[in-house]
Amino acid sequence: MATKLLALACIRNDTYGDLSPRPHYPSMPKYPKGVLAQETSLQGSETKAMFSVTGMTCSACAGSVEKAVKRLPGIREAVVDVLNNRAEVMFYPSFVNEEAIREAIEDVGFQAALIKDETNKKSIQVCRIHINGMTCTSCSSTVEKALHAIRGVQEAQVALATEEAEVHYDPKIVSHNQLMEAVEDAGFEAILVSTGEDMSKIDLQVDGIRTGNSMRMLENSLQALPGVQAVNLSPELKKFSISYKPDMTGPRNFIRVIESTGSSKRFKATIFPEGEGGGRETHRKEEIKQYFRSFMWSLIFTIPVFLTSMIFMYIPGIKHGLDTKVVNMLTVGEIMRWVLSTPVQFIIGRRFYIGSYKALRHGSANMDVLIALGTNAAYFYSVYTVLRAATSPDFEGTDFFETSAMLISFILLGKYLEVLAKGKTSEAIAKLMNLAPETAILLTLDEEGNVISEEEIDSRLIQKNDIIKIIPGAKVASDGFVLWGQSHINESMITGEALPVAKRKGDTVIGGTVNENGALHIKATKVGSESALAQIVRLVESAQMAKAPVQKFADRISKYFVPLVIILSFSTWLAWFLAGKFHGYPESWIPSSMDRFELALQFGISVMVIACPCALGLATPTAVMVGTGVGASQGVLIKGGQALEGAHKVNCIVFDKTGTLTVGKPVVVNTRLLKNMVLHEFYELIAATEVNSEHPLAEAIVEYAKKFREDEENPAWPEAQDFVSVTGHGVKAVVRNREVILGNKSLMLDHKIAIPADAQDMLTETEGMAQTGILVSIDGEVTGVLAISDPVKPGAQEVISILKSMNVRSIMVTGDNWGTASSIARQIGIETVVAEAKPEQKAEKVKDLQAAGYAVAMVGDGINDSPALVAADVGMAIGAGTDIAIEAADIVLMKSNLEDVITAIHLSRKTFSRIRLNYIWAFGYNILGIPIAAGALFPSTGFRLPPWIAGAAMAASSVSVVCCSLLLKYYKRPKKLENLEIRGIKIE
C-alpha cells in the first residue's frame, strides 16, 4: 500500500504542474497550487534549480529523494521526475544553496548534478541592442566587459560585424534600460532592437493629434484593452509603440479603438512607415551615406594637398609660385597645405578623436587611437616646421601635411567600403524579412462559413484566427491551416524544398511561401513574432551573434595589439633616430627632402598606421554571418559559430532510424496478386474492410488504396458487413457479398484457408527484408500478399556512401529490434548498428564514441533523441519543418532530406576554411606589413613605405577580409549531391 502511495506521489500532475513524460525539458509553474505568490516576498527572492539524478529505478526512489530535499531549511517545493531522472527544486537562496541540495540527494544514495543551463531558464530574457561607434574588436570587448559587470546579466555577446549585442539577463534584477545605459556609459550609442519579452510589438502613427491631452486619452484607451502589455509614446513623431499578446488582441483592434476615440473621430491610425526591422536597415544606409560624404569632403581638401606636395613641385612655373617666401623661410605652398589639411584633421577626422577619447577613458585602446596618434604626429610635426620656418631666416624643413590628410582620406574610403561589404553579409536576413507579402485579402464569413465580404489589408494587421484568401501566384500571408481549396505551394524559400507541396483542407501552410495554382482560404494560427518566418529570422540573427571558439583567440590578441603597436612604433622611431644621430647608417640613405629626425618619424608613423586590428576582428564574424545566411537559404539553420566549428571537425555521425533514415510511418511497398484480378477492384475490397480498423497497418493500406481513386478527396468505400477484428492477427468482413480476410498466417489457418507455396515464399522474402507480410483471402482463397514497411528515405544509401568518401563514419542507433535494424543497415550500407536502445543509451553511445576520440554528430528527429543531441559535439534535428525551436539541436535541417546532413558538414567546412584563410591573411598582413613599414627593406633595397600608403594598405586589409567572407555567398553544394537523383519511394 505504501509503495502505491509513493507511486501516486511521483505522478500527481495536478499538484506539480505540467511534468512532461518525454525526455524534453519539463515546464513547471512558478508557485505550487494553494500558495500565494506574496508569501515569497517574506523570504526574499525565490530561485529554481534543476538537478539530474541518476540511480532512481521506481517511484519509491523518487519519494526518498523528495523527502530528503524537503527536510532542508528554505525549500519551497521539490518535484522529482523518475521518468526523466530529474528533480526540480524551488528554494530561498538566503537559507540554502544548490550545493547543499545536491549533497542531500547524494546522502540518500543517488548521484546528483546541477543542470546549469536550465536553472532559472524561464526567468531569463534575451535583449538585443544595436550599438553605433564600434570600430574594432577592442571596442566590442569594452562593451562586453561593461555589460558583464552588471548584476543580473548572465551572458553578453557583442558582435562587431552586426554591430549588435545579445544580452541574457534576469528582468527581476536588471532592466533593458539599465543595459542600454551601460553601453552609453562605455562611450557608444545604444538603440534597443528587442527586449526578449514574449510579446508582439507594433508601431502606429496617429494623425489628428493636436494636444498632449489627446495623446494621454489615446494611451489610456489602448492600455484598457485586454492583452495590451505596454504603450510607449513618441509625441514628436506621433508614434505609439504597443506591446501586446497576440492570443488576446491585435493591431486592427488598436486602430479601431484609436479611430473611434473622441466625439469628432478625427484620429487616423496607420502602421508607422519604418515597419518591422526597417530601423536597422535605415541605420545601415545612413552609416554608408555618412562615410561616403566624409570621404568626398576629405577628397576635396586632400587632392590639392597631394598635388602641391607631390606633383606641382616638378612643374617649373607652379613650383616657383609655391616656393615664394611669405615670412622668412615660410612659403605659399606650406600655408596652402596647412590651411587645406586642418579641416581634414579636426573636422572630417573628429570621429577618430571621439573614438580615441571614449576608448582611453575606459582603459582600452582601439584602431581610432592608432589613427589619431599617427595623423597627429604627422600634422603637429608639420605645424612645428611651418612655425619654425616663419620665425627663422635660415631654417629648412619638410612638412608632412599630405601624410595626415591622405591617411584620413584612405581610412575613410576603407571604412566606407567595409560598411558597404558588411551590409552585404547580412543580406540573408533582409531577404528572409522581405518574404512576407505587403498586403493580404481578409475574408468575413457568416455563421455557416459563407464568404460575406473581402477586404485588402496590410499583412502586418493580420490577427490570430483571421480567415485569409490566397489567390494563385500570391504569397501566403500568415502561418495557418487550409479551410477550403486545393493547391500546390512552393516552400523552397523557407524549407529549401525544391518541389511544390500539395495542400488541401486541414494541411498547414507557412507565411512567406508562394501559392502556385489553386485558390485557398486559410485560418491564421501564428502571427507577428510567433510566425515560422519570424522564428527563422531570430534564429539566424542569434546564430550570427554567437562567437566561434576560434574567435576568442583573436579577441585575446586584440587586447594587447594596440599597446604593442604603439610601443613598436615608438621603438622604430627611436631606433632610426639614434642610428642617424650616431651615424649608424650612411648619409646617402637620407632623402634630400628630409633630415634624420623626419626619416625616423616617417618610419614610426608608418608602423602605427599599417597595423590593423580590424582585419583580425572581422575574420570570424563576417564568415559566420555569410555562412549561416547561406545555410538558411538552403533549409539548413546553423546556430552560430560554435556549431559551425563543431560541424567542420565531425568524423562520425550517429543516425536515429525511425523518421531519420526511414520515412517514419508504415507504407505499402509491394503488392503481389496470386489470382487474375484488377488491382483497383482488389484494393476496393480490402480498403472497405480495413477502413473500420484503427491499426497503423490498416491506415497504411487505406491510404495506399486512395491512390486508385485520385479524383476524390475522401472516397466513400463500399459498406462492410459482419466486421470482426482479431487482435494480433488481422480483420475480416463481408464486402459486396464476398468474404474478405486480411491478416497473418495463423488467421488463415484458423479459418481453414490453404496457403499456397508462392504465398509462403513471398512471406519469407518480406520478413528477410524487415517488412510485414499480410495475406489477403477473398472467398476462402489466398488472392494476394501485401508487403508493408517503414521504407528507407530516398537517397539514404547514396548519402551514407558520400559520407564514407568524406571520411565520416556512419552508425545507426535505434530502439527497434535487431532484425529490422540490421536489415535497414544492410540496405543503406551502414556497418555498425546499436539496436533496442533507450534514449539515455543513445546518449551513452555518443559519449563512448567521443571517449574513443571521435568528433560526433547526432542526427535525430528532436523528440526522443534530445539526450543524444545534447551529448553530441553537434546535434542535428532533421525534418523540423516549421517547428524550428528545437533547443537541443545545434543545426536544424528544415527538410526531411538526408542530403542536408552532407550540406551542413560541407558548408561548415567551407566556412571554416574561409575563416582560416581570413586569419592567415590578417596575421600575415600584420606580420609582413609592420617590418616593411619599420624599414626592414630600406637598407638593402632603398624601399620605404610612406605613411599614407601604409594607411591605404591598412584600410584595404579590412575590406579584403570582408570580401573574402562574401565569396561564401556563391557556395554550391557538393557536385555529388547535384548528381544525386533523389528517387521517390519505390512502390510496386
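## Briefing on a predicted 988-residue chain

Residues 24 or more positions apart account for 70% of the chain's contacts (heavy atoms within 4.5 Å) that have a separation of 6 or more. This is a predicted model, in which local features need pLDDT of at least 70 and side-chain atom pairs count only at pLDDT 80 or more, while totals for chains, interfaces and linings use all residues. Residues are numbered from 1 along each chain as its sequence is written, and side-chain values use heavy atoms, with hydrogens and water left out.

**Overall make-up**
- You will find 35 helices and 36 strands in the chain; these are DSSP runs, with helices being H or I of at least four residues and strands E of at least two, numbered from the N terminus.
- Of the 988 residues, 51% count as buried, where buried means under 20% relative accessible area, exposed over 50%, and partly exposed in between, using a 1.4 Å probe and protein chains only.

**Nonpolar cores**
- The largest nonpolar core has 117 residues, and I131, L147, L179, I653, F655, M876 and I891 touch the most other members. Such a core is a set of buried Ala, Val, Leu, Ile, Met, Phe, Trp, Tyr and Cys residues joined through side-chain atoms within 4.5 Å.
- Helix 32 (residues 899-933) gives this core its largest share, 12 residues.
- Apart from this core lies another, of 36 residues, which include M215, I470, L520 and A524.
- Beyond its neighbours within four places in sequence, F655 is in contact with residues including T660, L661, I800, M812, V859, L898 and V901.

**Helix 7 and its surroundings**
- Helix 7 (residues 176-185) has H176, L179, M180, A182 and V183 as buried residues.
- Seen down the helix axis, the buried residues of helix 7 fall within an arc of 155°, so they line one face of the helix; the arc is that of the directions from the axis to the C-beta atoms.
- These buried residues pack against strand 5 (125-132), helix 6 (137-148), strand 6 (153-159), strand 7 (164-169) and strand 8 (189-194).
- After helix 7 comes G187, with a positive phi near 100°.

**Salt bridges**
- The whole structure holds 23 salt bridges, each a side-chain nitrogen of Lys or Arg within 4 Å of a carboxyl oxygen of Asp or Glu.
- E164 pairs with R128 in a salt bridge whose closest N and O atoms are 2.9 Å apart. E164 lies in strand 7 and R128 in strand 5, so the pair ties together parts 36 residues apart in sequence.
- E164 is buried at 2% relative accessibility, and R128 is buried at 7%.
- R252 and D466 form another salt bridge, with closest N and O atoms 2.6 Å apart. The pair links distant parts of the chain, 214 residues apart: R252 is in helix 9 (residues 251-260) and D466 in the loop between strand 16 (451-458) and strand 17 (467-470).
- R252 is partly exposed at 21% relative accessible area, whereas D466 is buried at 9%.
- E66, K70 and E77 are linked in a salt-bridge network.

**A nonpolar surface patch**
- V326, V327, V332 and M336 form a nonpolar patch on the surface, with about 280 Å² of accessible area together. Patches are made of residues with over 30% relative accessible area and no salt bridge, with like charges joined within 9 Å and nonpolar side chains (Val, Leu, Ile, Met, Phe, Trp, Tyr) within 5 Å.
- Strand 13 (325-327) and helix 12 (332-348) each supply at least two residues of the patch.
- M336 sits in helix 12 and counts as partly exposed at 33% relative accessibility.

Conventions: Areas by Shrake-Rupley, 256 points an atom, 1.4 Å probe, with all protein chains shown as cover.
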